[in-house]
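Hi everyone, thanks for making time.

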Amino acid sequence: VVVKTGHWWVDRKLARLSGKDAKAAVRKASRAAIKPVHQQAKSNAKNNQESGATQKSIKTRSMSRSRTRVGSKVTIENKEFPDDFHTKFQELGWKSRGTRKKNEGNRDLRRAANEKRTLVLRNFKGEIVKQIVVIAKR
């Protein structure tokens, strides 16, 4: 696992860990670091429905299984109502029937990610160091 954190000594310590331990450290650190984006996205989300489905459907999930990428993401996912496409349309945009104009959508997740980018990177660096210390104590 190759992770570039911006600190050479953190990168070196991660390289010394086994692949399994390094992935576990990155996974835990990324989940803790991305919390501000999750909270900001929920506060950005508009209550377009009486039920507040847009806010309820914003979740933090691990990234899909991959050999090259490990981490977490904030996404719109509603397990209670799997056919509920309204919340995704509100985020990503939609096209009306008979027109070529695309309605842009709210972009609540993108705005939250852009606003909290530096905070997430700073939190990730701190959390990855904590995880390396925890693994080293084992």
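**Around helix H6**

The buried residues of H6 are covered by elements including helix H3 (35-44), strand S1 (58-62), strand S2 (72-76) and helix H5 (86-92). A quick word on the source: this is a predicted model, where local features need pLDDT of at least 70, side-chain atom pairs count only at pLDDT 80 or more, and totals for chains, interfaces and linings use all residues. Residues are numbered from 1 along each chain as its sequence is written, and side-chain values use heavy atoms, with hydrogens and water left out.

On terms, helices are DSSP runs of H or I with at least four residues, strands are runs of E with at least two, and both are numbered from the N terminus. Buried means under 20% relative accessible area, exposed over 50%, and partly exposed in between, with a 1.4 Å probe and protein chains only.

So which residues of H6 are buried? In this helix, residues 108-115, they are Asp108, Leu109 and Ala112. They sit on the same side of H6 because their arc around the axis is only 95 degrees, taken from the directions from the helix axis to the C-beta atoms. Arg110 and Asn114, on the other side of H6, are exposed.

Now look at Gln40, which is in helix H3. Gln40 is buried, at 18% relative accessible area. Leaving out residues up to four places away in sequence, Gln40 touches Ala112, Glu115 and Lys116, where contact means heavy atoms within 4.5 Å.

Let's finish with salt bridges: a side-chain nitrogen of Lys or Arg within 4 Å of a carboxyl oxygen of Asp or Glu. The whole structure has 5 of them. One joins Arg111 and Asp108, at 2.6 Å from N to O. These two are about one helical turn apart, because they are 3 residues apart in H6. Arg111 is partly exposed at 33% relative accessibility, whereas Asp108 is buried at 1%.

Another salt bridge pairs Arg138 with Asp21, at 3.6 Å from N to O. That pair links distant parts of the chain, 117 residues apart: Arg138 is in the segment after H7, and Asp21 is in helix H2 (residues 19-33). Arg138 is exposed at 69%, while Asp21 is partly exposed at 23%.
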